[in-house]
Amino acid sequence: MRFHADTFNLFSLSRAAVAGAMLSVVVSCADSVAPARLPELEPNFATDEVVSDAEKQAFRALASSSSVGMSLPQLSASYSVLAGPMANLAVSAAPRPYTVSRVAFAPEPSPANVVPLLKDDAFFPSFIPVGFDFEFYGEVHNKFSVHSNGFIMFGPLPAGSQAFWIIDNIPAAANPNNIIALAWSDWYPRVNGSIRYETRGAPGNRRLVLEYSGVPESGGSGALTSQLVLEEGSNLITIHTTSMTIRVGSNRITQGVENSSGTAATFDSITNAINGVTSPRVKGFFSLANDAVRFSPPAPNKAPVTLVPGNISVNTAPGSCSAAVEVGSASVSDDAPGASVVGGVRSDALPLDAAYPKGVTTIAWTSIDVEEVKTTANQLVTVLDAEKPSISSPEDISADNDPGKGSAVLVIANAAAEDNCGQVAVAGARSDRAPMSAPFPVG
């Protein structure tokens, strides 16, 4: 049970009367493909957490004597919360948050299948089929448990106390986790059929509809009528709240989703119509009427796009076989904040600001996103040698013809040549096209 040292901090919340948006109810014909009522859904299977009225009354008396006049902080219109330090996002993977949005209030007809009367502060431990595979925070589930206090849970039931009538924050490591809270508070379903479920629609487009109908507040005159819709394929979560009120000053309400480790949660906000204060729908004192919110799962992570500077082509510096090049820097585009460029690595392993030699050097730029997905893109730096070599010929030769011949055999010295990029091949060609070693004719 979430009953620990900070339990009584909830009384720092201000009491707020909230006006919900009034929209018409749209009712469509039911397209039921619901499974038959499970034989194991019988009252004798229900857990019974014995939380005496005296214990609750003592808690409420303590609450009433606590300071409750502090106002809530001004906060944004909706929230996606990741618990824990969020430094070094470029290398720290974190759960991708859901997106919360306001949608039209349009609950479906009441489901057909009855969850038998739950005892107060209890899970019904016989898992109820979703009717299809439903992905929640990256894990696939096909069954769930329902709690009398306004939430469902995926996965195994927590060990120890399962009463959960004192409402805690989300996200929080303490149980319950892996939950969808329609209106987590202290409710008491006293009427058989006050919680119903049904799977509707054709395969590929099915919906699970779970409804709390007229469930009274424990110890007070408030009540809850709310409907949860889970959608196949899209994995959308929609909560339609027809009416929700609490009257007991110590009760609080949480509406939102939380992952299995209690490290991530998403929830909407509520604005006090009287004083204009906006507060999260977490551990709050508020009412709703004809209200609908939708939690959209995060899109599959896309790899970051590494945006490299353009390819560069330059000439060698005068008298050098390389060139100093300003290569610029890469940037990154991603579907979520936090991606960064790791750096660029040259194919010759030299620093980026070192001179670039004649030829083509490849710079591999790498970026990484918050889920540690990396991408690499290349930039080419081409250095051209456009500088001509220098050459100096041997001195001119003047000689007599060999005796009795019309020519002379001469030794021709090599020409001297230099180039900015090192070795130079020197070749001589005679105007008479004869080999350099052939006798030179008179003339």
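**Entry 1: salt bridges**

I searched the whole structure, which is a predicted model, and ten salt bridges came up. I then looked at some of them one by one.

Arg-200 pairs with Glu-198, with N and O 3.3 Å apart. Are these two buried or exposed? Arg-200 is buried, because its relative accessibility of 0% is under the 20% cut-off. Glu-198, at 3%, is buried as well.

**Entry 2: a pair across two elements**

Next I picked Arg-281 and Asp-268, whose side chains form a salt bridge at 3.8 Å, N to O. Arg-281 sits in the loop between strands S14 and S15, while Asp-268 belongs to strand S13, so this pair ties together parts 13 residues apart in sequence. I checked burial again: Arg-281 has a relative accessible area of 1% and is buried, and Asp-268 is buried at 3%.

In the salt bridge of Arg-430 with Asp-432, the closest N and O atoms are 2.7 Å apart. I found Arg-430 buried at 10%, whereas Asp-432 is partly exposed at 38%.

I followed an open sheet of seven strands, in the order S2-S15-S11-S10-S9-S8-S3, with antiparallel pairing. S2 (99-102) and S3 (113-114) are at the edges with a single partner strand each, so one side of each has no neighbour in the sheet. I then zoomed in on S2 and found four bridges joining it to S15 (residues 288-296). For Thr-99, the bridge partner in S15 is Ser-296.

Definitions and conventions:
Residues are numbered from 1 along each chain as its sequence is written. This is a predicted model: local features need pLDDT of at least 70, side-chain atom pairs count only at pLDDT 80 or more; totals for chains, interfaces and linings use all residues. Side-chain values use heavy atoms; hydrogens and water are left out. Two strands pair if DSSP finds at least two bridges between them. Helices (H or I, at least four residues) and strands (E, at least two) are DSSP runs, numbered from the N terminus. A salt bridge is a side-chain nitrogen of Lys or Arg within 4 Å of a carboxyl oxygen of Asp or Glu. Buried means under 20% relative accessible area, exposed over 50%, partly exposed in between (1.4 Å probe, protein chains only).
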